[in-house]
Amino acid sequence: MARVKTTTPARAAARDLWHHYGRSRTRADRTVPDSFSWVWAQDGGPGTEVLGDLSGLVMADLGAGAARHAAHLATHHAPARVDAVDGSPAQHAMSRDLYSDLAPRLRTLHADVVEHLDAHPGAYDVLYSVFGAFDFTDPRRLLPAAARALRPGGLFAASTLGHYIGGAPAEPDVRHADIPARDADGLPASMRRWVLQEHVWTKLLEEADFTAISIARFPPTTSGARAADTLLIQAYRPR
Ligand SMILES: C[S@@+](CC[C@H](N)C(=O)[O-])C[C@H]1O[C@@H](n2cnc3c(N)ncnc32)[C@H](O)[C@@H]1O
């Protein structure tokens with residue numbers, strides 16, 4: 001009988017589709033960024049004023065990657081703590097390698113964000129995501145978990161794509177796209193990304209019991225094949 005080469009579910013789950021992301025920058029740039037940008041091109045636009053005065057607050061970056069945004073907050077502001085949470089072993093390792101010296105104000109945590117938030121009800125003053133887990137996790141799971149993990153009156157803020165790279169419009173319903181990715185060995189794979197219209201995000205946030213929801217759109221400042229609008233979302237857990 002012919003033998004068929006298969007990938008077991010356990011092996012598929014173990015594939016780190018974020019292995020390569022930011023790897024060359026990590027080798028070349030070990031600094032703490034001196035600014036914080038929400039926009040897709042990371043070239044300016046709104047900054048930390050979106051989050052308000054962070055003094056003494058407990059925060060988490062959801063899908064922090066190498067934790068450059070979290071390192072900026074821990075260094076240039078005075079939060080009680082920033083938890084940089086990421087589910088990718090490679091990204092978590094990069095964040096530890098780059099910024100473990102910023103502990104205890106910066107904590108790098110290797111976890112799926114929904115599991116982490118579920119385990120910490122009412123623990124955070126601010127939760128934010130910069131093209132992070134918010135983009136790559138089913139919002140019907142992530143948003144209710146985020147609402148529960150915030151203290152009453154706490155802030156949720158996220159930047160995400162306003163349309164697909166290449167220009168196709170965002171989805172008018174809660175529907176993900178399967179986007180191409182590569183595993184650590186360079187083998188092709190796909191991952192889920194949620195690129196949704198403003199009214200869809202608003203409805204999801206309302207269903208998760210958020211209030212005072214606002215969504216601003218920031219077009220790119222330069223053109224190019226990968227240029228994209230950014231949606232910047234802010235919402236609060238009711239008091
Ligand atoms: C495009 S990267 C952005 C990283 C970082 N925010 C930045 O701006 O460089 C997306 C990150 O989200 C993380 N991520 C996606 N879904 C996640 C989840 N459910 N739990 C934890 N991390 C997640 C990925 O591992 C990846 O590091």
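Rings of Phe, Tyr and Trp (its six-membered ring) pair if their centres lie within 6.5 Å; planes under 30 degrees apart count as stacked, over 60 as edge-to-face and the rest as tilted. The model is predicted, so local features need pLDDT of at least 70 and side-chain atom pairs count only at pLDDT 80 or more, while totals for chains, interfaces and linings use all residues. Residues are numbered from 1 along each chain as its sequence is written, and side-chain values use heavy atoms, with hydrogens and water left out.

**Exercise 1. Describe the aromatic pairs, with attention to Trp-18.**

Solution. 
1. Accessibility is then assigned (buried means under 20% relative accessible area, exposed over 50%, partly exposed in between, with a 1.4 Å probe and protein chains only). Trp-18, at 26%, is partly exposed, whereas Tyr-21, at 52%, is exposed.
2. Trp-18 also pairs with Phe-136: the centres lie 4.9 Å apart and the planes stand at 80°, so the pair is edge-to-face.
3. Helices (H or I, at least four residues) and strands (E, at least two) are DSSP runs, numbered from the N terminus. Trp-18 lies in the loop between helix 1 (9–14) and helix 2 (23–28), and Phe-136 in helix 6 (residues 133–136); the pair links distant parts of the chain, 118 residues apart.
4. Phe-134, Phe-156, Trp-201 and Phe-210 are joined into a cluster by ring pairs.

**Exercise 2. Determine the strand order of the open sheet and identify its edge strands.**

Solution. 
1. Two strands pair if DSSP finds at least two bridges between them.
2. The open sheet has seven strands in the order 3-2-1-4-5-9-8, with mixed pairing.
3. Strand 3 (106–110) and strand 8 (211–218) each pair on one side only and are therefore the edge strands.

**Exercise 3. Trace the pairing of strand 2 and the placement of helix 4.**

Solution. 
1. Strand 1 (residues 58–62) and strand 2 (residues 81–86) are parallel, over five bridges; Met-59 stands opposite Val-82 in strand 2.
2. Helix 4 (residues 89–99) packs on the sheet and touches strand 2 and strand 3 (contact means heavy atoms within 4.5 Å).
3. Strand 2 and strand 3 also pair in the parallel sense over five bridges, with His-110 in strand 3 as the bridge partner of Asp-86.

Key: Axes are lines fitted to C-alpha atoms, for helices over the stretch in contact, and angles run from 0 to 180 degrees between N-to-C directions.
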